[in-house]
Amino acid sequence: MSKTNRLIVGAAAVLVAASLAMVKAGGILFPTWSPPTKGTYDAPAADVGKKPAEGHPWSTTTMASSIMGKPVAGTPTTVVGEVIDLSCYLQVGKHGDKHRDCGQKCARNGQPVGLLAQDGTVYMLIDEEHDPRRDGLTDFRKAAVELMAQVVTVNGTLTEVEGQKALYVQGFLAKK
């Protein structure tokens with residue numbers, strides 16, 4: 001290989017490495033594209049969800065609806081992260097203030113809501129109370145729309161099935 005070809009290959013490798021660093025640094029896709037609307041990982045903008053009691057991660061409606069009274073193992077957990085629209089983040093990497101309006105529209109129209117941790121871990125956020133969630137008697141989605149693109153602290157019950165992480169959030173039973 002000639003010296004010129006080695007230089008071209010070397011320059012291309014440097015460009016590819018730099019491009020990959022811009023796309024994914026610290027696990028977050030496009031980390032510098034748009035900062036959150038509000039809050040930081042060190043100083044979250046809000047505290048979301050009721051902390052589940054140690055040893056009792058699930059609500060009574062989840063326990064009652066589970067198969068033989070045995071829901072999937074859950075761990076009371078607190079995670080700091082940016083509220084994201086999962087569909088746009090996982091499809092095109094969008095998050096942050098530039099994506100807030102689109103993320104809010106997606107969440108209002110039923111797209112899944114997630115939480116993006118500083119290390120790039122993505123959690124699906126779901127109302128915990130099983131029957132009220134099923135029957136439309138919770139208002140977590142409404143709260144998530146308002147919190148879209150903000151870094152918040154979320155308290156809930158963590159599950160992981162086949163690599164899919166979900167954080168179930170209690171405390172959003174709609175007022176009648």
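On a 1 Å grid over the protein atoms alone, a pocket is an open set of points where a 1.4 Å probe fits, with protein on both sides within 12 Å along at least five of seven lines, and its lining residues have an atom within 4 Å of a point. Grid points are joined across faces, edges and corners, and a volume is the space filled by probe spheres set on the points. The model is predicted, so local features need pLDDT of at least 70 and side-chain atom pairs count only at pLDDT 80 or more, whereas totals for chains, interfaces and linings use all residues. Residues are numbered from 1 along each chain as its sequence is written, and side-chain values use heavy atoms, with hydrogens and water left out.

The overall architecture comes first. The protein contains 6 helices and 8 strands; here helices (H or I, at least four residues) and strands (E, at least two) are DSSP runs, numbered from the N terminus. Along the sequence these elements follow the pattern α-β-β-β-α-β-α-α-β-β-α-α-β-β. Of the 176 residues, 37% are buried, where buried means under 20% relative accessible area, exposed over 50%, and partly exposed in between (1.4 Å probe, protein chains only). Among contacts (heavy atoms within 4.5 Å) between residues at least 6 apart in sequence, 76% join residues at least 24 apart.

The largest pocket holds about 420 Å³ of space. Its lining comprises 22 residues, of which I126, T159, Q164, A166 and Y168 are the closest to the centre. Two or more lining residues come from each of α2 (60-65), α3 (86-92), β6 (122-127), α5 (130-134), β7 (151-161) and β8 (164-169). By class, this lining has 12 nonpolar, 7 polar and 3 charged residues; Ala, Val, Leu, Ile, Met, Phe, Trp, Tyr, Cys and Pro count as nonpolar, Asp, Glu, Lys and Arg as charged, and the others, Gly among them, as polar.

The second largest pocket has a volume of about 180 Å³. Residues P112, V113, M124, L125, I126, D127, T138, D139, F140, R141 and K142 line this pocket. Both β6 and α6 (140-147) supply at least two of the lining residues, and the largest share, 4 residues, belongs to β6. The lining divides into 6 nonpolar, 1 polar and 4 charged residues.

After α4 comes G110, which has a positive phi near 95 degrees.

The salt bridges form the next topic. A salt bridge is a side-chain nitrogen of Lys or Arg within 4 Å of a carboxyl oxygen of Asp or Glu, and by this rule the count is 3. R134 pairs with D131, the closest N and O atoms being 3.5 Å apart. Both residues lie in helix α5, 3 residues apart, about one turn of the helix. An α-helix has 3.6 residues a turn, so residues three or four places apart point the same way. R134 also forms a salt bridge with D135, where the closest N and O atoms are 2.9 Å apart. Elsewhere, K165 and E160 meet in a salt bridge of 2.8 Å, N to O; K165 is partly exposed at 27% relative accessibility, and E160 is partly exposed at 47%.

Two backbone features complete the account. Most residues other than glycine have a negative phi. F30, although not a glycine, has a positive phi of about 45 degrees. F30 lies in the loop between β2 (28-29) and β3 (47-48) and is partly exposed, at 33% relative accessibility. E162, likewise not a glycine, has a positive phi of about 50 degrees. The loop between β7 and β8 contains E162, which is exposed at 78% relative accessibility.
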